Amino acid sequence: MSLSRISSGTVAPRVAPFALFMLFIGLDELLHFLKIQGLVNISETFFLFLYPVKISLVGLILWLWRSAYTEIDAKDILKYRLSFISIITGVVVFVLWIWMIWPFAVFGNPAGFDPSIFVNDGLKYFMITVRLIGAVIIVPIMEELFWRSFLIRYLTGTSFSDIRIGQMTATAFVVTTVLFGLEHNLWLAGMMAGAAYNLLLLHTRSIAQCIIAHAATNALLGIYVLTTKQWFFW
């Protein structure tokens, strides 16, 4: 695809937050590798503190570019039948997510976020709160803008901004489903979630509804993790 198709005015607000988020993940992986090799001496609490920094910066970018996100229509939330379907979709994705933890469907051995590493209760609850805000608010907005607003439309037509929300080719559906899965340690569960959110987009033609579903999944996952202490899900 020609780079001439990309207009920075429409693409950057949808790609930059996601790119920054992934950059932090790459930094985390690099520092862990260097620590294992004995090249740097970094405490585990340092890695946990990267998350608030990451979420704050991504949230700031989303806020500064908020006027660009015309595809997020708050009035869609008032379409109660669609919102109900979106919430149910989020619940189904959550249930399947915690079920699909077969060894072959997991990349590596994710340790996840364990807040018990913090002795100070105030700091522990602060980190939990930040984690929940990131998972339930920042991540769903950031990812839905990238995957289902930008990339699906970019893969569908010759002009990204001219493609209607919810319009997609079979290729765009499959590619975004697969890549969404590969973004996660639970890659097969990630593909399942990507397919579910894509189908929801096809039905609702609404990024707001996809955000609702994504947020519902992550909220339930957060409650589940805190209740069961299965930190690897985080």
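**Entry 1: ground rules**

A salt bridge here is a side-chain nitrogen of Lys or Arg within 4 Å of a carboxyl oxygen of Asp or Glu. I am working with a predicted model, where local features need pLDDT of at least 70 and side-chain atom pairs count only at pLDDT 80 or more, while totals for chains, interfaces and linings use all residues. Residues are numbered from 1 along each chain as its sequence is written, and side-chain values use heavy atoms, with hydrogens and water left out.

**Entry 2: salt bridges**

How many salt bridges does the structure hold? I found six, and I looked up some of them.

I began with E144 and R148, whose closest N and O atoms are 2.4 Å apart. The two residues sit four apart in helix α4, so about one helical turn separates them. (Helices are DSSP runs of H or I with at least four residues, strands are runs of E with at least two, and both are numbered from the N terminus.)

Is E144 buried or exposed? E144 is buried, because its relative accessible area is 0%. R148 also has 0%, so R148 is buried. I noted the cut-offs: buried is under 20% relative accessible area, exposed is over 50%, and partly exposed is in between, with a 1.4 Å probe and protein chains only.

Next came K124 and D121, which form a salt bridge with N and O 3.7 Å apart at the closest. Both belong to helix α4, three residues apart, about one turn of the helix. D121 has a relative accessible area of 42%, so D121 is partly exposed.

My last pair was K35 and E44, whose side chains meet in a salt bridge at 3.0 Å, N to O. K35 counts as partly exposed because its relative accessibility is 28%, and E44 does too, at 36%. As a reminder to myself, side chains of opposite charge can pair when their charged atoms come close.

**Entry 3: α4 against α7**

I then checked how helix α4 (residues 121-156) packs with helix α7 (residues 207-228): the angle is about 150° and the axes are 9 Å apart. Axes are lines fitted to C-alpha atoms, for helices over the stretch in contact, and angles run from 0 to 180 degrees between N-to-C directions. The two helices are therefore roughly antiparallel to each other, a label for angles over 145 degrees.

**Entry 4: helix α2**

Finally I looked at L60, which lies in helix α2 (residues 44-64). With a relative accessible area of 44%, L60 is partly exposed.

Terms used
Angles under 35 degrees count as roughly parallel, over 145 as roughly antiparallel, 65 to 115 as roughly perpendicular and the rest as oblique.
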